Amino acid sequence: MLKKLKSIPEQVIRLAVILVIIVVVFVIVRAELVPDDFGELGHYRKGAVDEIASLELKYAGQETCEMCHDDILETKSNGYHRSVNCEVCHGPSAKHSEAPDEFLPSAPRKRDFCPVCHEYLPSRPTGFPQIVSASHNPVKPCITCHEPHNPVPPETPHECSACHAEISRVKSISHHAYLECKTCHEVPEQHKLDPRGNAASKPATREFCGKCHAEENEDYPGVPQIDLAEHEPRYVCWQCHYPHMPEAK
Ligand code: HEC
Ligand code: HEC
Ligand code: HEC
Ligand code: HEC
Ligand code: HEC
Ligand code: HEC
Ligand code: HEC
Ligand code: HEC
């Protein structure tokens with residue numbers, strides 16, 4: 001008998017001992033430590049249901065705010081923040097909803113709050129509005145420029161020159177100084193917010209420049225004229241004349 005035992009490899013015996021310990025511990029835990037009402041209704045403690053139900057409510061839910069702040073809810077539900085619930089920003093407000101005079105929720109007025117969602121992160125979906133807060137209008141709180149309940153991105157100042165500074169500077173001292181950019185480019189309003197998603201158009205044909213230069217032009221009298229059929233007909237005009245600084249010499 002003992003001989004037989006000795007012939008079993010040592011590691012198998014150790015495994016067997018561990019197995020026995022596990023079984024014993026399992027039996028003890030099952031019998032002594034699992035609460036009595038566990039498993040009566042399912043794989044959970046029956047008593048837990050009442051315990052959870054008796055916890056104090058902290059979040060009231062957005063529908064509750066509507067009772068007293070319907071104007072704000074209305075503003076928000078038509079704006080970019082429609083999917084962000086009130087209590088995401090104002091914190092749990094159940095107590096406030098029951099006794100508004102006694103408890104006031106906080107309002108996140110400081111600059112460090114909004115970047116929680118809007119700071120640039122490569123892992124955020126492209127298209128989600130993101131900023132680099134270190135360089136995006138630093139110092140001032142975000143809400144000086146953005147209304148938190150309806151954050152419409154404000155208009156970029158200075159029309160085109162805000163971004164196309166060099167072109168506007170060059171054009172402003174050229175023969176085309178008095179032509180607005182939109183004389184030659186159709187620019188969707190959204191181009192100023194999302195330039196790549198909303199491209200501006202560019203002139204495509206010789207006839208476009210010919211509108212002014214091939215015939216007498218009432219709006220711009222004295223425009224130097226060319227014969228469209230004769231003047232270098234094999235090329236488009238801007239292969240020779242930079243449109244933002246056209247030279248004839
Ligand atoms: C029963 C009415 C009532 C309900 C419901 C209610 N509020 Fe108010 N709330 C008030 C009143 C009244 C004030 C104004 C107190 C004051 O002007 O001092 C107020 C003020 C506030 C303020 C301003 C705090 C500040 O610093 O100026 C915030 C934020 C606010 N409520 C958020 C909420 C949110 C979020 C909800 C929904 C979860 C909500 N309220 C639900 C009545 C209510
Ligand atoms: C994106 C975050 C955000 C969300 C979402 C939000 N708020 Fe606010 N709320 C603010 C900030 C920031 C202020 C402080 C504005 C200020 O001082 O000019 C504020 C101010 C308030 C005030 C004070 C009065 C006022 O108009 O300045 C009330 C009341 C209020 N919020 C209620 C609500 C309610 C109700 C909702 C949901 C319908 C809501 N808020 C959703 C950020 C938010
Ligand atoms: C819980 C996340 C969250 C917080 C906090 C938050 N926002 Fe937003 N914000 C959003 C979402 C979601 C949108 C809508 C994005 C969309 O339409 O694709 C949005 C849109 C915006 C836009 C519109 C930009 C555009 O061009 O589309 C601005 C501006 C903005 N938020 C400013 C703020 C400011 C200021 C605060 C702080 C008071 C703030 N946000 C806090 C989630 C958040
Ligand atoms: C001095 C005014 C000012 C302040 C302060 C400011 N912004 Fe802006 N924000 C703008 C203007 C103007 C635009 C639109 C033009 C642009 O993209 O620069 C804008 C655009 C945005 C956009 C849209 C970007 C996109 O790609 O669609 C978001 C999001 C935004 N701001 C969030 C914030 C947050 C968050 C803060 C605070 C950390 C903040 N802003 C502070 C003026 C401001
Ligand atoms: C917020 C900054 C911004 C403003 C404001 C802006 N643009 Fe642009 N624009 C850009 C950027 C960035 C590009 C480059 C887009 C790309 O590479 O696809 C561009 C490209 C262009 C192009 C070239 C399109 C192409 O196919 O090569 C034209 C034309 C143009 N913009 C005209 C204008 C005019 C005219 C205005 C004023 C009404 C204007 N832009 C205002 C940022 C801006
Ligand atoms: C007389 C017509 C005309 C006017 C006015 C004009 N552009 Fe252009 N622009 C063009 C043409 C034509 C092209 C195409 C050039 C090419 O493809 O080489 C162009 C190209 C561009 C481009 C593409 C990049 C580049 O340098 O080729 C941008 C950006 C641009 N224009 C912006 C502007 C802005 C901003 C203004 C106003 C300050 C303006 N344009 C005024 C005719 C014009
Ligand atoms: C809306 C009318 C208009 C359009 C379109 C227009 N131009 Fe002009 N252009 C003018 C005017 C006006 C002048 C002369 C301004 C002056 O008195 O110096 C001018 C001057 C010129 C000159 C003469 C410069 C010199 O040295 O005398 C050239 C070259 C020129 N434009 C090329 C172009 C080209 C290329 C296009 C197309 C991309 C174009 N223009 C589109 C109105 C226009
Ligand atoms: C192959 C190059 C080339 C092309 C393409 C070209 N031009 Fe010119 N253009 C010139 C040169 C060089 C001059 C100056 C010498 C001359 O008058 O022939 C000039 C002169 C002009 C002048 C001044 C005429 C005057 O009497 O002062 C205008 C206006 C003009 N071009 C417009 C255009 C327009 C519009 C187009 C497109 C339909 C165009 N050019 C295409 C090279 C070109």
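Me: What should I know about the numbering and about the model before reading any value?

Reply: Residues are numbered from 1 along each chain as its sequence is written, while chains are lettered from A and ligands numbered from 1 in the order in which they are written. The model is predicted, with local features needing pLDDT of at least 70, side-chain atom pairs counting only at pLDDT 80 or more, and totals for chains, interfaces and linings using all residues, and side-chain values use heavy atoms, with hydrogens and water left out.

Me: Which protein atoms coordinate the iron atom of ligand 3?

Reply: Donors are N, O and S atoms within 2.8 Å of the metal (3.2 Å for Na, K and Ca), and sites may look incomplete because water is not among the atoms. Here the iron atom of ligand 3 is coordinated by His-81 (NE2) and His-118 (NE2), at 1.9 to 2.0 Å. His-81 lies in the loop between α4 (62–77) and α5 (86–90) and His-118 in helix α7 (residues 115–118), so the pair ties together parts that are 37 residues apart in sequence. Helices in this account are DSSP runs (H or I, at least four residues), numbered from the N terminus.

Me: Why is the arrangement around the iron atom of ligand 3 called octahedral?

Reply: Six donors count as octahedral if opposite donors are over 155 degrees apart and all others between 65 and 115. The six donor atoms around the iron atom of ligand 3 subtend angles of 88 to 180 degrees, and the arrangement is therefore octahedral.

Me: What surrounds ligand 3, and how is its shell made up by class?

Reply: A residue is near a molecule if one of its heavy atoms lies within 4 Å of it. For ligand 3 there are 16 surrounding residues, the closest being Tyr-80, His-81, Cys-114, Cys-117 and His-118. In the classification, Ala, Val, Leu, Ile, Met, Phe, Trp, Tyr, Cys and Pro count as nonpolar, Asp, Glu, Lys and Arg as charged, and the others, Gly among them, as polar. The shell around ligand 3 has 12 nonpolar, four polar and no charged residues.

Me: Which residues come nearest to ligand 6 and ligand 8?

Reply: Of the 17 residues around ligand 6, Lys-171, Cys-181, Cys-184, His-185 and His-244 come nearest, and by class this shell has nine nonpolar, five polar and three charged residues. The largest share of the shell around ligand 6, three residues, comes from α8. Around ligand 8 there are 15 residues, of which His-231, Cys-237, Cys-240, His-241 and Ala-248 come nearest, and the shell has nine nonpolar, four polar and two charged residues.

Me: How is the chain divided into domains, and what separates their centres?

Reply: Domain bounds come from an automatic or database domain assignment. The chain is divided into domain 1 (58–104 + 143–154) and domain 2 (165–239), and 49 Å separate the centres of the two domains, taken over C-alpha atoms.

Me: Where is Thr-75, and how far is it from His-149?

Reply: Thr-75 is in helix α4 and is partly exposed, with a relative accessible area of 32%. Thr-75 and His-149 are 74 residues apart in sequence, and their C-alpha atoms are 6.5 Å apart in space.

Methods
Tetrahedral: all angles 85-135°; square planar, octahedral: opposite > 155°, others 65-115°. Helix = DSSP H or I, 4+ residues; strand = E, 2+ residues; numbered from the N terminus. Buried < 20%, exposed > 50% of the residue type's maximum accessible area, 1.4 Å probe, protein only.
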